[in-house]
Amino acid sequence: MRICIVAGARPNFIKVAPITKAIDKAREAGHDVECQLVYAGGEDDKTLEQSLFDDLQMRRPDVFMGVDCASLNELTGRVMAEFEKYLEANPTDVVIVVDDLASTMAAAIVTKKQGVKLAHLVAGTRSFDISMPKEINRLVIDGLSDLLFTAGPGASNTVTREGVQLSQVYQVGNILMDTLRANYSRMRRPAVLAGLGIADDEYLVFTLNRKALISNTGNLREMLKAILLASKGMPVIAPLRSLAREAVAKQLATINAPLHNFHLVEPMGYLEFGYLTAHAKGVVTDSGNVAEEATFNGIPCTTLNSYTEHIETVSRGTNILVGEDAGRLGEAVADMVEGKWKKGNIPDRWDGRASERIVQILLSEAR
């Protein structure tokens with residue numbers, strides 16, 4: 001069986017890593033299975049530092065499509081053209097696409113046009129906001145997929161309500177937890193904590209990535225001010241990248257509030273960032289992945305959005321949603337600092353065996 005896994009951006013590799021390992025394990029056990037990892041971007045992508053692959057203990061992509069452009073429509077077209085060339089040159093039995101990027105949708109469309117079986121990892125996630133490009137991508141990918149690997153019952157119910165045959169849906173569990181559990185003992189305490197003299201459980205973590213939040217500079221300023229005032233001097237560690245880092249630095253310079261406890265630091269590798277969030281007093285983020293990890297770790301988490309594609313982090317976990325409301329954000333941060341937070345528990349099938357289930361399903365499909 002020849003499997004191709006398509007990754008479109010850095011976060012995808014955290015979910016892909018355990019699958020590549022499970023495939024390698026199956027091959028070592030005597031199964032006729034091989035895998036190629038294809039990346040939509042180029043080899044010079046600055047977000048794919050070697051430490052990412054070292055931390056995840058996985059190889060770099062076998063193929064780089066070299067697509068890098070700002071326009072989502074242009075990116076979609078170019079990925080389609082490049083991935084079509086790949087499939088024509090590399091006979092493939094199954095293509096696995098990850099999450100909901102434009103590049104993911106592009107690869108999914110080409111896969112079906114070429115008559116190759118398509119599997120979607122983390123299927124069934126929805127915001128129910130059709131104005132979001134990613135929501136359109138999710139609907140298209142799930143609609144095309146032959147195998148839909150979901151994280152839980154909510155996602156499974158969503159795709160079956162939308163008309164997907166029950167026989168195509170596999171509730172494999174949360175793949176993110178495979179990576180987290182496998183690497184938990186390898187997490188490294190970031191040097192920045194020692195450098196700043198900050199102890200575990202005595203700091204907050206702030207992450208930011210959504211373009212809508214970054215571009216709304218007035219509201220970003222108010223949210224940062226709310227965090228600073230509500231943290232009451234507790235250190236805030238913000239390991240931000242590129243545009244987010246620049247935007248936050250610019251707004252901090254305009255705030256008339258104490259800034260000594262806000263530390264804008266360099267981005268961290270997977271193992272360091274994992275330690276940082278697992279030992280924080282609380283986390284403020286716009287990332288679904290970070291919210292999921294906070295739920296696993298039992299760490300209070302505030303998400304800067306009015307919805308989440310991972311509702312179990314709210315219904316069963318430690319996550320709450322505050323939208324983009326600076327006032328509600330300030331209240332949440334104050335509760336974190338004071339230790340007033342709900343207790344969560346780990347949702348079903350966050351057991352670290354999702355990748356094992358996925359490979360077993362693929363092998364059974366090949367029979």
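Y39 stands opposite F64 in β3. That is the place I want to start from, and a reminder before going on: this is a predicted model.

Y39 belongs to strand β2, residues 34-39, and β2 pairs with β3 in the parallel sense over two bridges. Widening out from there, the sheet is open and has seven strands, paired in parallel, in the order β3-β2-β1-β4-β5-β6-β7. Which strands are at the edges? They are β3, residues 63-64, and β7, residues 169-171, and each of them pairs on one side only.

Now the helices on this sheet. Helix α3, residues 72-89, lies across β1 (2-7), β2, β3 and β4 (94-98), and runs at about 165° to β1. Helix α4, residues 102-113, also packs on the sheet.

I19 sits in α1, which covers residues 10-28. Is I19 buried or exposed? Its relative accessible area is 0%, and buried means under 20%, so I19 counts as buried.

What does I19 touch, leaving out residues up to four places away in sequence? The contacts are I5, I96, L121, I175, S355, I358 and V359.

One distance to finish: S51 is 32 residues from I19 along the chain, and their C-alpha atoms are separated by 19 Å.

Conventions. Residues are numbered from 1 along each chain as its sequence is written. This is a predicted model: local features need pLDDT of at least 70, side-chain atom pairs count only at pLDDT 80 or more; totals for chains, interfaces and linings use all residues. Side-chain values use heavy atoms; hydrogens and water are left out. Helices (H or I, at least four residues) and strands (E, at least two) are DSSP runs, numbered from the N terminus. Buried means under 20% relative accessible area, exposed over 50%, partly exposed in between (1.4 Å probe, protein chains only). Contact means heavy atoms within 4.5 Å. Two strands pair if DSSP finds at least two bridges between them. Axes are lines fitted to C-alpha atoms, for helices over the stretch in contact, and angles run from 0 to 180 degrees between N-to-C directions.
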